[in-house]
Amino acid sequence: MLFKQQVWLRQKLLVLGSLAVGSLLYLVARVGSLDRLQPICPIEGRFGARGQAEFPLRALQFKRGLLHEFRKGNASKDQVRLHDLVQQLPKAIIIGVRKGGTRALLEMLNLHPAVVKASQEIHFFDNDENYAKGIEWYRKKMPFSYPQQITIEKSPAYFITEEVPERIYKMNSSIKLLIIVREPTTRAISDYTQVLEGKERKNKTYYKFEKLAIDPNTCEVNTKYKAVRTSIYTKHLERWLKYFPIEQFHIVDGDRLITEPLPELQLVEKFLNLPPRISQYNLYFNATRGFYCLRFNIIFNKCLAGSKGRIHPEVDPSVITKLRKFFHPFNQKFYQITGRTLNWP
Ligand code: A3P
């Protein structure tokens, strides 16, 4: 009898203990996510129209959980009206470059309480069929946000598509444009790796990178190969500069975003006139993934999908040297135009 009572008492203590630890963890998580928002201050800068200066960031952070529900499409019309939610056209767009780290940049910026990301690549400006659907179609693709927040979308194909600069200019001539670049040869190999993986998934064979990147007749770099052309950043940027002044662009160093993301993100916060709110707390290195992952609070964190950070195939060193030599003058021009030197080989 006494033994039975002891077992019952022990079980009860165990349940109570678990409850206490659970509550404690929950409290720490809430406090943790609020602490990093101190001091409370209004959103600075030029974004938004009405009354933004009176809206504290902390309130935005509080409402993020709610927004998450709305983003998943669970919001009723009444809820949207009640919380003053809107679908806003982007105030900033990550226009490229493909394989530069566009997804990581978008996800990391989304840690900021004043930023709301469009999760999908919308391909409005580069796809004629989508573009023909009109700007309202585009706006309806945007996530719900508070009027004081800014929406950011990313579609890396924008950077290299002929018609896009003019189309974006027509929507908003003062929009902010983010370009994330990586060392051009590495980016080209990353681009190739993605295509190769797609082919392998369909059980198809594919050429070796060397065969595509080097013209077998001339033994020179094959500028007809898309992965090579995309890495000639200055050529594409020059087209954009016919519509937008260089001050409207910000160059993100994609190689540094991999190894040291915080300073890169802080530069973007500054460019977007946002108060600095992303901190080292939000970014932790995951040794298994080999990349930085995101921490929203002690309970909620996430790494990017496995398709980000693929292992590249080995490439003949002489081909790498040839490509680096080829890109060198274009890189110099890119540094000169953008005012950002990236020390690529
Ligand atoms: P690799 O797969 O070549 O390593 P994009 O999102 O534009 O397609 O870019 C993909 C690249 O983002 C990846 O290229 C990877 O190196 C880079 N990247 C940068 N930060 C990352 C992060 N925190 N997690 C995963 N990948 C990251």
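These are my notebook entries on a predicted model of one protein chain.

**Entry 1: the whole chain**

I began with the overall counts. The chain has 345 residues, and 45% of them count as buried. I found 15 helices and ten strands in its secondary structure. Next I looked up the surface. The accessible area comes to about 18300 Å², and carbon and sulfur atoms hold 56% of that.

In which order do the strands of the open five-stranded sheet lie? I read the order as 3-5-2-6-7, with parallel pairing. Strand 3 (115-117) and strand 7 are the edges, and each pairs on one side only. Direction ignored, neighbouring strands are turned by 25 degrees against each other on average.

I then went through the pairs. Strand 3 and strand 5 (residues 150-154) run parallel and are joined by three bridges. Here Val-115 has Ile-150 as its bridge partner. Strand 5 is also joined to strand 2 by three bridges, again in parallel. Strand 2 pairs with strand 6 over four bridges, in the parallel sense. I noted Leu-178 of strand 6 as the bridge partner of Ile-94.

Helix 5 (residues 102-109) touches strand 2, strand 3, strand 5, strand 6 and strand 7. Its direction makes about 165 degrees with that of strand 5. Helix 12 packs on the sheet as well, touching strand 2, strand 6 and strand 7. The direction of helix 12 makes about 175 degrees with that of strand 6.

**Entry 2: helix 12 and helix 15**

I followed helix 12 to another helix. The axes of helix 12 and helix 15 come within 8 Å, and they cross at roughly 35 degrees. Helix 12 contributes Tyr-233, Thr-234, Lys-235, Leu-237 and Glu-238 to the contact. From helix 15 come Phe-330, Lys-333, Phe-334, Ile-337 and Thr-338. I sorted these residues by class: five are nonpolar, two polar and three charged.

**Entry 3: the cores**

Nonpolar side chains tend to be buried together in soluble globular proteins. I looked for such groups here. Which residues of the largest nonpolar core touch the most other members? They are Ile-95, Tyr-158, Ile-168 and Trp-240, in a core of 28 residues. Among the elements that each supply at least two residues are strand 2 (92-96), helix 8 (164-171), helix 12 (233-240) and helix 15 (317-338).

I took a second look at Ile-168. I left aside its neighbours within four places in sequence. Its contacts are then Ile-93, Ile-95, Phe-125, Tyr-158, Ile-175, Trp-240 and Phe-244. Another core, of 27 residues, lies apart from the largest one. Its members include Val-115, Ile-278, Leu-294 and Leu-304.

Is the pairing in the 8-9-10 sheet parallel or antiparallel? I noted antiparallel, in an open sheet of three strands. Strand 8 (283-286) and strand 10 (301-302) are its edges. Four bridges join strand 8 to strand 9 (residues 291-295). Asn-286 stands opposite Phe-291 of strand 9.

Technical notes: Residues numbered from 1 in each chain as written. Predicted model: local features only at pLDDT ≥ 70, side-chain atom pairs only at ≥ 80, totals over all residues. Heavy atoms only, no water. Core = buried A, V, L, I, M, F, W, Y, C linked by side-chain atoms within 4.5 Å. Buried < 20%, exposed > 50% of the residue type's maximum accessible area, 1.4 Å probe, protein only. Contact = heavy atoms within 4.5 Å. Areas by Shrake-Rupley, 256 points an atom, 1.4 Å probe, with all protein chains shown as cover. Axes fitted to C-alpha atoms, helices over the stretch in contact; angles between N-to-C directions. Nonpolar A, V, L, I, M, F, W, Y, C, P; charged D, E, K, R; others polar. Pairing = 2+ DSSP bridges.
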